[in-house]
Structures are given as structure tokens and as C-alpha cells.
Amino acid sequence: MDAPGFTASLVAGGVAGASVDLILFPLDTIKTRLQSPQGFNKAGGFRGIYAGVPSTAVGSFPNAAMFFLTYEYVKCLLQTDSASHFRPVKHMLAASAGEVIPFSLVQFPLWESLKALWSWQRGHVVDSWQSAVCGAFAGGFAAAVTTPLDVAKTRIMLAKAGSSTAVGNVLSAMHAVWRAQGLAGLFAGVFPRMAAISMGGFIFLGAYDQTRSLLLEVGKKSP
């Protein structure tokens, strides 16, 4: 990846990360409280849902910037003329290098696949808003299938110190939720999570594509 591409990915990733956190932080707070073992109201309800937004946005800028820089760099390293059915593997590896979580392994290959399919149907590369739509679908699907892991993470974070749940065993936490609340417990908060991440995917990936395209265009025009 050349210097303009390096800078564009770095800045665009940071802008995308800060934008999505500023807009969607309250929905994530509501989702976390819905997953709390105390129940939504005792966990705080709708009180203080904007608390911590500025610090979160400031912290997300460098994290998202480095994620997309790594993602684009690994994609560039793995760029081959191989058959299209190997492309999802490339995107999974790139996402893994950027951020090793199951969510990214679902979202990014699906996002890239949807963009490729739409581009093929239209006969040219999708626009930024179309990339954002693909990001929304990919994010919503990834959010749904990884909700049990998110519930387990929330339970571990909220567990009392010294308890078996607080140890941090995700499978153990998921099993405890299953025994106590069944399937409904494992998918607690799935709809606000899907809504938040679908909107987040639209903003995050759309803003990234738009900002990166603009920066690359400016770079081409610069002497």
C-alpha cells in the first residue's frame, strides 16, 4: 500500500470510528442494561445513557484508525488473482489481523461479498452510500449470530468479584445463562444490538469508504 493509501486508511478509519461512537453510544448502553442480570430498570434504565460519550469517541479514533490500516494492509499483502470463492478467506484473515473477534470474522467478509455482488450487478464499483447499506446488512447479521457471546461478555463484566462468572470463561458464562434463562437469555438484547450495529455498520463502513475515497481523490489532485 502506497503512502496516500496508508494515510487515507488511517484517517478514514479514525473518522469512521469516532462518528459511529458519537451517534450510537446510547443504544449500546441500553443494550448492555437489557443484558444485565439485575434487569433493565435496576441497571439504570434510560438514566445517563450519554455518560462517557466524549472519552469513548476520543479513544475509538486511534483504535479504528489502526484497525482499518491493518485491514487494508493485510488485504494488499494477500492480493492475488485467485478465484472469487477464496476472497472471503482473504477478508477474514485481514479482519483477524485488525481485530481478533468473531464479530469481525462474520461482518467483514459479508460486507466485502455484498459489495462485490452489488458491483457485479451494476457493472461498476459501488458508491459510498451503497457500501454503507452493505455494511448495515453485514453488521446486523453479525450482531444477531454473535449475541450469545456478547451476553456472556456482559455477564462476565458485571459479575461480582470472586464469583465463578467473574473468572472470565465465556463458555461457562453462556452455559449458566442457558440453564437459567434458556434461548431467550442467550439472545437478550438482540434487537437493540442488531439495530445499533446495523446503524453502526451503515455509518462506520459508509463513512470509512467515503472519507477514504475523498482523501485518495485529493491525493491524486495534489502535485
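**View 1. Helix H2 meets helix H4.** Phe-67, Phe-68, Tyr-71 and Lys-75 of H2 make contact with Ser-104, Phe-108, Trp-111 and Glu-112 of H4. By class, this contact holds 5 nonpolar residues, 1 polar residue and 2 charged residues. The model shown here, and in every view below, is predicted. H2 covers residues 53-77, and H4 covers residues 102-122. Two packed helices are described by the angle between their axes and the distance between those axes. For H2 and H4, the angle is about 60° and the axes lie 14 Å apart. H2 is therefore oblique to H4. The crossing of H2 past H4 is right-handed.

**View 2. The whole chain, for orientation.** The chain has 8 helices and 0 strands. Along the sequence, its pattern reads α-α-α-α-α-α-α-α. The chain has 223 residues, and 42% of them are buried. What share of the contacts between residues at least 6 apart in sequence joins residues at least 24 apart? The share is 71%.

**View 3. Helix H6 crosses helix H7.** H6 spans residues 147-158, and H7 spans residues 170-186. Their axes come within 9 Å and cross at roughly 115°. H6 is thus roughly perpendicular to H7. H6 passes H7 in a right-handed crossing. Which residues of H6 meet H7? They are Thr-147, Pro-148, Leu-149, Val-151, Ala-152, Arg-155 and Ile-156. On the H7 side, the partners are Val-170, Ala-173, Met-174, Val-177, Gln-181, Gly-185 and Leu-186. The contact of H6 with H7 divides into 10 nonpolar, 3 polar and 1 charged residues.

**View 4. Thr-154 in helix H6.** This view stays with H6, where Thr-154 is found. Is Thr-154 buried or exposed? Its relative accessibility is 3%, so Thr-154 counts as buried. Leaving out residues up to four places away in sequence, Thr-154 touches Thr-32 and Gln-35. Helix H1, at residues 3-35, is the setting of the next view.

**View 5. Pro-26 in helix H1.** Pro-26 sits in H1. Pro-26 counts as buried because its relative accessibility is 9%; the cut-off for buried is under 20%. Which residues does Pro-26 contact, apart from its neighbours within four places in sequence? They are Ile-49 and Tyr-50. Pro-26 can also be placed against Ala-196. These two residues are 170 residues apart in sequence. In space, their C-alpha atoms are 9.1 Å apart.

**View 6. Asp-209 in helix H8.** H8 runs over residues 190-221, and Asp-209 has its place there. At 17% relative accessibility, Asp-209 counts as buried. What joins the side chains of Asp-209 and Ser-131? A polar contact of 2.5 Å does. Setting aside residues up to four places away in sequence, Asp-209 touches Trp-111, Lys-115, Ser-128 and Ser-131.

Methods
Residues numbered from 1 in each chain as written. Predicted model: local features only at pLDDT ≥ 70, side-chain atom pairs only at ≥ 80, totals over all residues. Heavy atoms only, no water. Axes fitted to C-alpha atoms, helices over the stretch in contact; angles between N-to-C directions. Helix = DSSP H or I, 4+ residues; strand = E, 2+ residues; numbered from the N terminus. Parallel < 35°, antiparallel > 145°, perpendicular 65-115°, else oblique. Left-handed = near helix turned anticlockwise from the far one by under 90°. Contact = heavy atoms within 4.5 Å. Nonpolar A, V, L, I, M, F, W, Y, C, P; charged D, E, K, R; others polar. Buried < 20%, exposed > 50% of the residue type's maximum accessible area, 1.4 Å probe, protein only. Polar contact = N/O pair within 3.5 Å; in protein donor to acceptor, adjacent residues only side chain to side chain.
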